[in-house]
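Subject: Structure for your review

Dear colleague,

Please find the structure below, together with its sequence.

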Amino acid sequence: MTMRPVAAAFAAFVLAGVAMAAQAPSSAPQPVSYRQLPARDAAVLKVGNRPVITFRAEVLSRSPAERADAALRRIAALSPEERAGAVAQRAVLDVVIITVGGKDVFGVTPADADELAGETQLHVIESASRHLEQALRETTELKDPGRLARSAALATGFTLLFAAAVWILLRVTRAISARMLRVAERQFDRAQLKSRVAVDTNRLAYWLDRGVRAMAAALVLFAGYVWLTSVLVLFPYTRPWGEALGAFLLESVRRLGAGIVAAMPGLFYVALVFIFTRFLIRVMQATLDGVAEGRLSLPGIHPETAVPMKRLLGALLWLFAIIVAYPNLPGADTDAFKGVSVFVGLVLTLGSSGIVNQMMSGFLLTFSRAIKPGDIIRAGGTEGRVTMVGLLSTKIRTIKGEEVIVPNAVAIGDTIVNYSRYARDGELLLYTSVTIGYDAPWRVVDKLLRAAADRTEGLAKSPPPFVLQRALSDFYVEYQINAVVERVEMRAVVLSALHANIQDAFNEAGVQIMSPHYESDPSAPKLVPPGNWHRGSPAGV
């Protein structure tokens with residue numbers, strides 16, 4: 001009976017507490033309002049000259065620039081003791097507050113992270129804390145005259161060292177340039193090149209000097225880059241610039257090294273392709289050299305076509321090797337390589353039509369065995385000895401010592417007369433024509449022409465020369481004397497001698513050689529008696 005009043009009182013107290021708790025306002029913190037702005041509205045917080053954080057979010061209607069200004073004012077208001085304190089973080093829901101010596105300086109929201117760059121809020125917080133600690137140390141260092149003096153002394157030492165390195169490099173450059181010129185001149189003298197080609201030693205010295213100076217300039221620029229980086233890092237305000245230069249250099253070296261390592265398998269494959277191609281080309285060249293020299297015999301390949309076939313197959317094999325190796329070259333899949341490939345293809349497409357025409361004409365000349373080096377031919381209005389049958393043109397050396405270059409397409413499009421093909425078998429005939437009036441007996445003309453051929457050196461006596469009556473024209477008969485020439489290379493000289501002997505024989509016999517423009521018989525025959533052969537004027541003139 002005595003416990004009932006106590007239990008009733010306890011129940012009433014609990015109910016009253018629950019009611020009061022239900023009526024009391026909530027003390028839980030409310031979420032902070034923020035939103036991310038476009039990249040152009042971002043603001044960078046700099047302490048001294050060091051970037052600490054980039055604000056990208058608007059918080060409680062405060063823009064990133066206002067947040068940066070407010071944070072800079074709070075940092076400037078810190079006392080020396082607070083600046084020396086630790087940089088810490090504390091979280092308020094999803095916002096992290098950065099503190100220095102227990103004082104709040106700025107907050108970091110999730111919207112301050114650049115998601116496109118792969119940043120997270122945690123990454124931004126760690127980076128901002130680290131940069132803020134360094135910036136605070138540098139602002140303290142700026143106020144320390146002793147440390148600034150030591151930095152200035154080190155900068156002076158680095159500058160003197162850089163100047164000494166540049167001076168030594170210039171002296172070494174001049175010495176190397178002079179040494180290379182002396183070595184090059186000795187090599188030219190040893191190879192006796194000066195007797196075969198005109199070597200401009202002044203021009204050679206100029207380009208050697210330019211090459212050495214270019215390498216020296218590159219070394220000076222590199223040394224200057226290292227010097228500038230080292231000096232900037234010594235002073236607190238310029239230290240971020242020096243660190244940026246150093247990071248760029250290290251990153252470039254790292255990327256270069258990584259690129260070299262990544263390219264090693266492809267380069268190994270390319271090396272194998274070119275080694276194998278070179279082996280095949282050497283085997284092919286040795287085989288075709290044997291055919292050209294007559295030591296080997298292959299069906300369908302003649303000695304005169306072996307050399308051009310060697311060049312053609314070599315070019316095709318190297319072209320095939322380049323096509324196979326190209327995908328494995330470093331950077332072959334980059335836009336730069338693709339652009340160069342398109343440009344080369346466009347140039348070849350626009351400019352190769354004439355070249356291909358000349359090349360196909362050269363192949364036809366070579367592999368049809370129409371002509372070969374050493375032949376005496378007449379092509380494109382030029383007569384002489386063939387010195388080279390190339391892919392694009394044929395070179396002919398005339399009897400006058402002239403070198404005439406005939407494009408292969410021109411040679412194919414014109415009639416080619418080869419005097420050497422059957423000259424070795426004694427079947428090449430040298431011939432010329434004269435026109436004689438009907439009043440001269442043809443038997444006399446036949447005998448005179450044969451006599452002129454017999455007098456001519458360079459014409460074979462067996463088989464004997466013979467005469468053809470080519471045409472019975474209105475006013476004269478056309479006679480042609482034919483004889484075998486002994487040396488085809490002397491064809492022009494022998495023909496000239498034959499013409500002289502024909503004139504002598506007809507003048508001796510009193511037979512007039514008619515002109516194609518015959519109108520009437522002259523009052524006296526147009527002859528030169530033997531007595532006047534060595535005088536200035538013929539008889540009757």
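A residue is called buried when its relative accessible area is under 20%, exposed when it is over 50%, and partly exposed in between. Please note that this is a predicted model.

By that definition, Ile176 counts as partly exposed, because its relative accessibility is 39%. Ile176 belongs to helix H5, which covers residues 145-191. Together with Trp167, Ile168, Val172 and Met180, Ile176 makes a nonpolar surface patch of about 470 Å².

As to the overall picture, the protein contains twelve helices and 15 strands. It has 541 residues, of which 30% count as buried. Its accessible surface comes to about 34,500 Å², and 63% of that surface belongs to carbon and sulfur atoms. Among contacts between residues at least 6 apart in sequence, 58% join residues that are at least 24 apart.

H11 comprises 14 residues, 442-455, and spans 20 Å from its first C-alpha to its last, close to the 20 Å expected at 1.5 Å a residue. Its buried residues are Val445, Asp446, Leu448, Leu449, Ala452 and Ala453. Seen down the helix axis, the buried residues of H11 fall within an arc of 165°, so they line one face of the helix. An α-helix has 3.6 residues a turn, so residues three or four places apart point the same way. The face of H11 turned away from the buried side carries Arg443 and Lys447, which are exposed. The cover over the buried residues of H11 includes strands S13 (429-437), S14 (466-472) and S15 (476-484), as well as helix H12 (491-509).

Ser61 is not a glycine, yet it has a positive phi of about 65°. Ser61 is placed in the loop between strand S4 (57-59) and helix H2 (64-76). With a relative accessibility of 65%, Ser61 counts as exposed.

Leu93, also a residue other than glycine, has a positive phi, near 55°. The loop that holds Leu93 runs between strand S5 (87-92) and strand S6 (95-100). Leu93 counts as partly exposed, because its relative accessibility is 48%.

Yours sincerely

How values were computed:
Residues are numbered from 1 along each chain as its sequence is written. This is a predicted model: local features need pLDDT of at least 70, side-chain atom pairs count only at pLDDT 80 or more; totals for chains, interfaces and linings use all residues. Side-chain values use heavy atoms; hydrogens and water are left out. Helices (H or I, at least four residues) and strands (E, at least two) are DSSP runs, numbered from the N terminus. The expected span of a helix is 1.5 Å times one less than its number of residues. Buried means under 20% relative accessible area, exposed over 50%, partly exposed in between (1.4 Å probe, protein chains only). The arc is that of the directions from the helix axis to the C-beta atoms. Contact means heavy atoms within 4.5 Å. Patches are made of residues with over 30% relative accessible area and no salt bridge: like charges are joined within 9 Å, nonpolar side chains (Val, Leu, Ile, Met, Phe, Trp, Tyr) within 5 Å. Accessible areas come from the Shrake-Rupley method with a 1.4 Å probe; for residues, only the protein chains shown count as cover. A salt bridge is a side-chain nitrogen of Lys or Arg within 4 Å of a carboxyl oxygen of Asp or Glu.
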